[in-house]
Amino acid sequence: MADTISNTGLDKVGSVLRDLEKHGQSPWLDFIQRSFTEDGSLKKLVEEDGLRGVTSNPAIFEKAIGKGTEYDPQIRKLLEGEGLSAGDLYEHLAIDDIRAACGVLYPVFEKTKGLDGYVSLEVSPYLAFDAHGTITEARRLWKAVGRKNLMVKIPGTEEGTGAIREAIADGININVTLLFSLDAYKAVLEAYISGLEARAARGEDISHISSVASFFVSRIDAKIDGEIDRRVAAGDKDAEALKALRGKVAIANAKAAYQYYLDVKKSPRWQALAAKGANPQRLLWASTGTKDKAYSDVLYVEELIGPETVNTIPPATFDAFRDHGKLRESLTENIEEARHVLAEAERLGLDLAGVTAKLVKDGCASFSESFDTLLGAVAEKRESVLGKRLLHVTADLPSDIRDDVAESETAWSKEGLVRRIWAKDTSVWTNGAEAGWLNWLTIVQDRLWHIEELELLARDVRSRGFSDILLLGMGGSSLGPEVLAETFGQQEGWPKLHVLDSTDPQQVRAYEKAVDLKKTLFIVASKSGGTLEPNILFAHFWTVAGQALGKAPGDNFIAITDPDSHMQKVAEENGFWRIFYGDPKIGGRFSVLSNFGLVPAAVSGLDVRKFLTITNLMVESCGPSAPAHVNPGVTLGLILGHSAKCFGRDKVTILASKGIASFGAWLEQLIAESTGKKGTGLIPIDEEVLGTPDVYGKDRVFVDILLGDDVPDSRLGALREAGAPVITVRLADKNEIGQAFFVFEFATAVAGAVLGIDPFDQPDVEFSKVETRKLTNAYAETGSLPAEEPFAIDGKLSFYADEKNAGVLGGGDAVSVLKKHFSRVGAGDYVGLLAYIERNRETRDWAQDVRMELRDVLKVATAAEFGPRFLHSTGQAYKGGPDSGVFLQVTAADAADVPVPGHGFSFGVVKAAQARGDFEVLSARGRRALRVHIDGPLEEGLKTLATAIHKAVAGA
Ligand SMILES: O=P(O)(O)OC[C@H]1O[C@](O)(CO)[C@@H](O)[C@@H]1O
Ligand SMILES: O=C[C@H](O)[C@H](O)COP(=O)(O)O
């Protein structure tokens, strides 16, 4: 079938199409395309064939916009300014086309006094079963197109029917689409009439409202004929009677609908409306292209000609009818025969009601599919036009994972899961409390609307001449700011941002020394406001800043916290300079694009408006109108989720370019705390140096986050060849880091859906907090932590474990205990080194050396973490995730302690209690956990421990 009208025959005098008018039927065209309107072809049809209207649908727009390059210049232009989504772009293009066609048809509209000259634009097919969504969209489109000769197309589903009534009462012209059954048509006509009545009752004019009921024809025959053929082939006893119905049922059904129309028109109820100027809702024959080549190619035009009707004819049929169509008033012919056909169909069990009901469903689904394809094509064009303004996610996957992910993308599209995420539909996850944690989806736009607050703050901070900013917070309140501080560095003329997320006394002192206390702006960041660390860090720095300044330092303190939190009270009571609020519907690890990341960004001199504007491009890329297969957040999430769930590849190994190296620490929390629960989840592995394929098991997926033109580590090639999945996330420059935050947030939500968990809670973190609280309370009461007994001692190293672990590890020297511990590591496990010591360059190097040796010898994934920082990050997964972790906790005697003002304990005590609380929960969860405590100087103890580990695993 031709996609466009050929102009052959246009020169013929007296087009037969024009003569349809003599029978009271208006020919409309079931087709729209920009070039066709622009080059005058549409106008020619109006002038020479008497064309009186145009209809479009998602499948038609898919062909027009989704294919070829005709619309590319406009897409490029539209994307020059603000960041539009695929859905926004489609709507701009479609509305322009509809308006242009409305312009061509307007003379017809005027000449026929509003009877004809309409152009139809369909509401999103995704809304077919959503009454509220449909009416909202119908109103929006009516306004956006702004043409009197527009008809908004609404499906005649049950939900659509309610919207139709409202739209008519509003005075919007409606083309009801996807009508197959007489019953649905009756309901729609009732909606039209009652809509008019409602409007008339309000004393409003009803004479300008126009509506058509699009009754689909050929699709019915295609279905019924298929069933007939199937039964005949199966040797049905009624084969002959069935064959006699082939190609007849759809037309008979249409004729029955027309009879109903005539009856209603005669009714007193209609007459009353007619007296007020109401126009009848004409029947429009849709789906009139012949689908079965055995039939005449003009069957569904020739057989449905009658007064007060419309036939919207597809291009090829239009040409064919012009060429050899015959005119006669066929619609009112042989009504009895039509009734007989319908009765026969019923007698023979062809189930017209069932077929038409299914056709509605299938019709909605297939328009949704076309819309997906269309939006997908637009999204791809958008991505290519935006080019380096967007980060790019690509993946190199082994075929089994690739196929699985592709299948899942199709399922995600079919089930509308992207839109359901945006609609906060909890059934995407566990039907739990997820809806209360989804405002991160819209926070970028929200913050852009309030950007002046942040810009004002930035100006004020700059004018006050601070030298440093010290942010005190944990997890989601610190890791995002830390990425910003490390990625962008100190901005010229702005204070330097430091982030402190530790209770280690040495570390606290080190930060205190690193800043000029008199010229430092302190940010206390805690969403809940109740987290222990920011509260005690506040107590300490409030005291030392006060001492340095010689007065209460409230003017140098800012709080970022959720409304009504304990921290808000603290800030108010102490006269903080400013308080900024978080959104309580965003969890900590999803909060970096809220004030928790933006306030530190603004005060350290980053251009937050630019940052958010760039980030918003990615929000749109992952938006509700970006179908699964072109949605980078979905692709990323599905790969991560499926690799773990179906292929045992649950160690997400993060590699990052030097310029954005700290991103991994933020990503670790997001992935681990979100997915690591109920015995499942993804285990992030950050900062491992790449090795050769032989040091890896089959439990890895690699995520390579590259900046600019950085080339991937050459060793990745060998891993890829060895069958490891490799995802590349490429940022054109650092300013796209906000896009990286968002795309991983979206991906994590998707991976959570794949894993069947609630990605927004953190059930196991709470337990170690409880254990810690018990211990600090005990200390405050008794002046010491409860005594504990090592099960083995070797010089300055003492070993602790629960009874079960101690039983397995036995006594002996350090090497033998460690040997037994690491001998429990098997394929698919990971080793977690959990160090409750100061985190500085030297200790990080130490931990890195030890973990790399363990990785290379044991050939398993390794994590090197510092407490209590990781407690608010990967700690959740270590306790609640898969039982594949083998942990070595490292604690040490503090060289010097720092008291916590106003509390009966010190930082050293808190850190010790946190380590013990953490260890108790690991043990209670049955994990393979060993604690080694270092007495004496730390550096020496770490060396001894590293040597013991080396010996323990040598030759393993
Ligand atoms: O911002 P808050 O409430 O102090 O919490 C800090 C961190 O602690 C956690 O609740 C885990 O303990 C994280 O989810 C969060 O990011
Ligand atoms: O309004 C027009 C309908 O969307 C169209 O006629 C459907 O035709 P089809 O059945 O050929 O897709």
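# Close-up views of a predicted model

Figure 1. Strand β6 (211–216) and helix α9 (218–233) each supply at least two residues of the shell around ligand 2; here helices (H or I, at least four residues) and strands (E, at least two) are DSSP runs, numbered from the N terminus. The structure is a predicted model, in which local features need pLDDT of at least 70 and side-chain atom pairs count only at pLDDT 80 or more, while totals for chains, interfaces and linings use all residues. Residues are numbered from 1 along each chain as its sequence is written, and chains are lettered from A and ligands numbered from 1 in the order in which they are written. The shell of ligand 2 holds 13 residues, of which the closest are D30, T55, N57, A286 and S287, a residue being near a molecule or strand if its C-beta atom, placed from the backbone, lies within 6 Å of it. Sorted by class, this shell has three nonpolar, eight polar and two charged residues, where Ala, Val, Leu, Ile, Met, Phe, Trp, Tyr, Cys and Pro count as nonpolar, Asp, Glu, Lys and Arg as charged, and the others, Gly among them, as polar.

**Figure 2. The surroundings of ligand 1.** Around ligand 1 there are 15 residues, and the closest are G475, G476, S528, T531 and G588. The shell around ligand 1 is made up of three nonpolar, nine polar and three charged residues.

**Figure 3. The annotated residue K153.** The UniProt annotation "active site", taken from an unreviewed entry, covers K153; UniProt positions are given in the numbering used here, feature names are shortened, and annotations may be inferred rather than shown by experiment. K153 is found in strand β4 (residues 150–155), and K153 is buried because 24 other C-beta atoms lie within 10 Å. Leaving aside neighbours within four places in sequence, K153 is in contact with S120, L121, E122, V123, N175 and T177, two residues being in contact if their C-beta atoms, placed from the backbone, lie within 7 Å.

**Figure 4. Residue A278 in a loop.** A278 lies in the loop between α12 (268–275) and β7 (282–286), and A278 is buried because 21 other C-beta atoms lie within 10 Å. When residues up to four places away in sequence are not counted, A278 touches L196, I206, S207 and L273.

Figure 5. Five strands form an open sheet in the order β11-β10-β12-β13-β14, and the pairing is parallel. Strands β11 (496–500) and β14 (578–581) stand at the edges, each with a single partner strand, so one side of each is left without a neighbour in the sheet. Neighbouring strands of this sheet are turned by 20 degrees against each other on average, direction ignored; axes are lines fitted to C-alpha atoms, for helices over the stretch in contact, and angles run from 0 to 180 degrees between N-to-C directions. Within the sheet, strand β10 (residues 468–472) pairs in the parallel sense with strand β12 (residues 520–526) over five bridges, and D468 stands opposite T520 in β12. Helix α24 (residues 566–573) packs on the sheet and touches β12, β13 (557–561) and β14, its direction making about 160 degrees with that of β13.

Figure 6. Another open sheet is formed by five strands in the order β9-β18-β17-β15-β16, with mixed pairing. Strands β9 (392–396) and β16 (683–686) stand at the edges with a single partner strand each, so one side of each is left without a neighbour in the sheet. Strand β17 (residues 700–707) runs parallel to strand β18 (residues 726–731), and six bridges join them. Helix α27 (residues 632–647) lies across β9, β15 (651–656), β17 and β18, running at about 35 degrees to β9. Helix α28 (residues 663–675) packs on the sheet, touching β15, β16 and β17, and its direction makes about 170 degrees with that of β16.

Conventions. A residue is buried if 20 or more other C-beta atoms lie within 10 Å of its own, exposed if 12 or fewer, and partly exposed in between; C-beta atoms are placed from the backbone. Two strands pair if DSSP finds at least two bridges between them.
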